[in-house]
Amino acid sequence: MVDLLTSSKEKAEEWLGSSIDDETKRQVKGLLSKSDPKDLIDSFYRSLEFGTGGLRGIMGVGSNCINKYTIGTATQGLANYLKKTLPNKQIKVAIAYDSRNNSKYFAQVTADVFSANGIVVYLFAELRPTPLLSFAIRYLKCDSGVVITASHNPKEYNGYKAYWSDGAQIVPPHDHNTIAEVNAITGFDQIKFTANKKIIKTIGKEVEDAYYKEVNQIIPRQDSIARQKDITLVYTSLHGSGITMVPECLKRLGFANLNIVEEQREPDGNFPTLKSPNPEEHSAMALALKKAKEINAELVMATDPDTDRVGIGIKDASDEFFLLNGNQAFSLMMGFILKNLPNGEAGRKEKGNSYIAKTIVTSELVDAMATHFGITCYNTLTGFKYIAELMGEQEGKEKFIAAGEESYGYMVGDFVRDKDAVSACAFFAAMAAAAKDEKQTLYDWLLQLYVDHGFYKEGLATLVRKGAEGEQQIKDMMTTFRNAPPKTIGGEKVIRSLDYKTSVEKDWTTGQTKPIQLPTADVLQFYTSDGSKVSVRPSGTEPKIKFYISVQARLDSKENFESVSRQLDNQIKTLEKDIIK
């Protein structure tokens, strides 16, 4: 603590001696004068770095917070790297922002710094979903892009996602090289904040129109949509940017009965009706579920503030709404997509040269379905940037179909290179229409997937550890798991482990090891003799360590679903209790 306090004070004094504005100096002095040094340490003990989701942190003064100067430093570093990488080109970037507090301001700061460096900027005039930024980069032939968002984090957060010319978040070597350029900036006087307004351009409506056209081309069963266009749908944007595109996208597909949760329609970075703007949490979807019950809707959809994730609610056999988890939703989507691939000779050829992708902590039900349909399923590290990187590597070799992850992120088609809740809403609405057209429900479809391919069930447990002390506690937990791996979990013998940090997979029954052919990451996975899997991973965007638990069993018939589900729930609880001590 003493070393952290000393280094934090030194960093704060450096800020005071720099060219920061008077209001920021006042706030830094306030932190230095506090008797309790915790806030000072949390604000200055480190500099923000790019993680799996880019630059993200609590808004406030300090090197560890999101503010004009950390945003400016990141942008200047990215600008320097772009100019070194593309020395003889007129560089172009696109910028978007969501509904969070200060997002528009930070987007303008980003645009100003890029333009001051002679880089042409395409800036959205209003908030727009993150996937549209990914699309715009490719459509406008930009070299890079930035979206200002903290995704589904609490309201105190904001962030900065950097993208490359392929429309994907930056990956090695670009991320490391950008950070090197950021770290090379030793003073705020090296940041060019004075904008060249002449090269900041507003992105027009034609980009959105082109996006809607792409979505329309990949939605199957549009005949079912035409017959079921009046199907009752409920949507909430959770005070985010989704309201600008999701309703319009569904309207263009022909859906005529979309019901908006009015209390959450208005974009608002304070998220006044929510404990958390995260569709993974039941409380975030409470108003939407209430409305759905009142009007007897078929489907509930809720997108997070930057509209790259979507939560889904459907009705069970008793006509009661429940929330799908990300694994269930992605499995349903993949079942729908794979089932509707072209038939005949051309279709068989397409299947044989096609692939889907998912992350290593996403349900293995998807792997089982891919095997059944004769489609390759690639597994990547957590984060859609790795899926996008895979797409780049396979371009021209295999045809990409779709991808997803357990944390409510999905992507179909290759026109966007990041998770996309706008097109995902279109797909889930199309699925609900197709199921109704068959006189079934999405719940019927889900249970049939379990009967056909195996009943896979997943659980997620998280431990939150905030601040500098919390970060060290999470590191210590990972070290313990790595140096003294469990021999059993919940009474089940561990037979295989994968350490993505050392890139070693080990068979514990034979002692044999083999390399893991993925980039290194601080992730551990343990497989048991009963077919269970436990993955342990620190979050790249939040002060959490996550435990992903997966179990499986055979489901002989839909009638046995409830009893087998309870059995798997108990198994998850036993594994969770043993692994989290």
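## Ser 63

Ser 63 points its side chain at the backbone oxygen of Arg 46, at 2.7 Å. This is a polar contact: N or O atoms within 3.5 Å, where, within protein, one must be able to donate a hydrogen and the other to accept it, and residues adjacent in sequence count only if both atoms are side-chain atoms. This is a predicted model, in which local features need pLDDT of at least 70, side-chain atom pairs count only at pLDDT 80 or more, and totals for chains, interfaces and linings use all residues. Residues are numbered from 1 along each chain as its sequence is written, and side-chain values use heavy atoms, with hydrogens and water left out.

Ser 63 sits in the loop between strand E1 (55-58) and helix H4 (68-85). Helices (H or I, at least four residues) and strands (E, at least two) are DSSP runs, numbered from the N terminus. Ser 63 is buried, at 6% relative accessibility. Buried means under 20% relative accessible area, exposed over 50%, and partly exposed in between (1.4 Å probe, protein chains only). Leaving aside residues up to four places away in sequence, Ser 63 touches Lys 11, Trp 15, Ser 43, Phe 44, Arg 46, Ser 47, Leu 48 and Thr 70. Contact here means heavy atoms within 4.5 Å.

## Salt bridges across the chain

The structure holds 34 salt bridges. Each is a side-chain nitrogen of Lys or Arg within 4 Å of a carboxyl oxygen of Asp or Glu. Side chains of opposite charge can pair when their charged atoms come close.

One of these bridges joins Asp 143 and Lys 89, at 2.5 Å from N to O. The pair links distant parts of the chain, 54 residues apart. Asp 143 lies in the loop between helix H6 (130-139) and strand E4 (144-148), and Lys 89 in the loop between H4 and strand E2 (92-97). Asp 143 is buried at 5%, whereas Lys 89 is partly exposed at 45%.

Lys 197 pairs with Asp 112, with the closest N and O atoms 3.6 Å apart. Lys 197 lies in the loop between helix H7 (174-183) and strand E6 (200-202) and Asp 112 in helix H5 (residues 103-116), so this bridge ties together parts 85 residues apart in sequence. Lys 197 is exposed at 55%; Asp 112 is buried at 14%.

## Another pair and a network

Asp 319 and Lys 315 also form a salt bridge, at 3.7 Å from N to O. Asp 319 is partly exposed at 46%. Lys 315 is buried at 10%.

Salt bridges that share partners join Lys 161, Asp 306, Asp 308, Glu 405 and Lys 419 into one network.
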